[in-house]
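Please read the following briefing alongside the sequence and the coordinates.

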Amino acid sequence: MTTSTIPHPRYTQTTQPHTQHTMSAMSTYNFSEIFGSTLESKTGTVDTDELLKGKYVMAYFSAHWCPPCRGFTPSLIKFYDDLKKKRQDFELVFVSSDRDESAFKEYFGEMTCHALPYDKRDLKNSLSKKFKVSGIPTLVIMSPDGETITTDARSDVSADPEGAKFPWIPPTFSEVFPDTLVGKGGAVETSSLDDKFLMLYFSAHWCPPCKGFTPQLAELYKKMKEDRDDFELVFVSSDRDETAFKEYYGEMPWMALEYDKRDAKESLSKMFDISGIPSLVVLNTKVDGKREVISGNARGNATMDQIADFPWYPKPYAELSQTAECNGSDINDSLAIVVLCEAEDDEEQGNIKDAIKAVAEKQPKETDMLFFYGTSDSGVVPRVRQLCGLTDKKGETVMIKLDIPDNGGYYVSKETDITVESIEAFMTDSGERQQLG
């Protein structure tokens, strides 16, 4: 079950978010920092750190009113009970989205694990934001040092009901990426790309948005190659058979993952949170045997007017008519300030952009707030106006604070003169909360 979201112009797949995590010598974490000092058990309250310290922690976001949750919960509790007979280095904490405490108690009564106290709604909301929970049921796993291992443990429980591979630590990029790729002139050793930026293009011939985007990306690729050779692009196919793959790859000027490397394709999709196609991921050059992710959502950057900014390091602001993603996050997953100014002239739009950029760049690095300006009636701009009930004010500049993770909340500013001062004032005092339609 999900809240109101801003749909992206791409086809969705079954792959769900999965956070890459590399295990190292771990220190223990005080889980009371995110769950509070006590948790509920079947016999009363327990000290959070005493219960969870040094353990893998599974956080289960669920609710009794949600049919998919009620379908998954018995399987999860059986998994938990069975694995407890084999090992004691993990715990399961239920984080309730129930509508009242009586429903929470009834639902928790079916479980043998622990739970966040129902009255800790502030902690529940902060946990939902921390793990970008946009739908339930969601099962998150954290390591003993508090690092996120995966936000998609629900699929892992289903695929590995015996827990043979628990806690399902994902492989590294080097472990997944093959030693050779398909090139236009034959096989290419991936080691020859170590000193280049690497773009991974997740796409398929059957996907209309992909077929529309691929020619644009090919034009961009050829233009970039005229001036630089410090990058390469690799097609990662979601085609349904090898014939379709070959036909589609024939239209592309770059390299490709061999079609029969299906396991590698699935691992890469999971590693980079590919929930829809087309998707474009940018990786840094290899350093100390590793490639860091520069951008997991670079499709919006892949335009001619952004060539000079390659490799598109994340910025805390973006043009909403081109992308609903910035700073490595999605508008559906984070708090966002949005200014829609489609009808303004170029000079005023430039002033608005400058004001938004100035505010965005002043924010602390760890902020989860995004900043967008919409200067044309394209992309998701019309959808934002529709959801916020502003379609009848299409010619008016409007400033909105979107909080989709808060069950689809939003706020509309009364201020139409968009300056650094008015943006910061709106961030501090946003007025009355409204509900997305």
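Pro 311 is found in the loop that runs between β16 (293-295) and β17 (317-319), where helices (H or I, at least four residues) and strands (E, at least two) are DSSP runs numbered from the N terminus. The peptide bond that joins Phe 310 to Pro 311 is cis, with omega at about 15 degrees. This is a predicted model, in which local features need pLDDT of at least 70 and side-chain atom pairs count only at pLDDT 80 or more, while totals for chains, interfaces and linings use all residues. Residues are numbered from 1 along each chain as its sequence is written, and side-chain values use heavy atoms, with hydrogens and water left out.

**Backbone geometry**
- Trp 312, which also lies in the loop between β16 and β17, has a positive phi of about 60 degrees although it is not a glycine.
- At 2% relative accessibility, Trp 312 counts as buried, a term that stands for under 20% relative accessible area, whereas exposed stands for over 50% and partly exposed for what is in between (1.4 Å probe, protein chains only).
- Trp 168, in the loop between α6 (153-159) and α7, has a positive phi near 60 degrees, and Trp 168 is buried, with a relative accessible area of 7%.
- Another cis peptide bond leads from Ile 136 to Pro 137, with omega near 0 degrees, and Pro 137 lies in the loop between α5 (121-130) and β7 (138-142).

**Confidence**
- The mean pLDDT (the predictor's confidence in each residue, from 0 to 100) of the protein is 91, and 94% of its residues reach 70 or more.
- Over residues 9-25 pLDDT stays under 50, and the model has 64 contacts beyond four places in sequence for this stretch, contact being heavy atoms within 4.5 Å.
- Where pLDDT is low, predicted coordinates should not be read in detail.

**Helix α9**
- In α9 (residues 242-249), Ala 244, Phe 245, Tyr 248 and Tyr 249 are buried.
- These residues lie on the same side of α9 because they cover an arc of only 125 degrees around the axis, the arc being that of the directions from the helix axis to the C-beta atoms.
- The exposed residues Thr 243 and Lys 246 are carried on the face of α9 turned away from its buried side.
- Among the elements that cover the buried residues of α9 are β9 (180-183), β11 (197-203) and α8 (208-225).
- Asp 241 caps the N-terminal end of α9, with a side-chain oxygen 3.1 Å from the backbone nitrogen of Thr 243.

**Nonpolar cores**
- The largest nonpolar core has 51 residues, and those with the most contacts inside it are Leu 200, Tyr 201, Trp 254 and Phe 272; such a core is a set of buried Ala, Val, Leu, Ile, Met, Phe, Trp, Tyr and Cys residues joined through side-chain atoms within 4.5 Å.
- α8 gives the most to this core, with seven residues.
- Apart from this core lies another, of 49 residues, among them Leu 39, Cys 69, Val 93 and Leu 127.

**Helix α13**
- In α13 (residues 420-428), Ser 422, Ile 423, Phe 426 and Met 427 are buried.
- They cover an arc of only 140 degrees around the axis, which puts them on the same side of α13.
- The face of α13 turned away from its buried side carries the exposed residues Glu 421 and Thr 428.

Methods. Polar contact = N/O pair within 3.5 Å; in protein donor to acceptor, adjacent residues only side chain to side chain.
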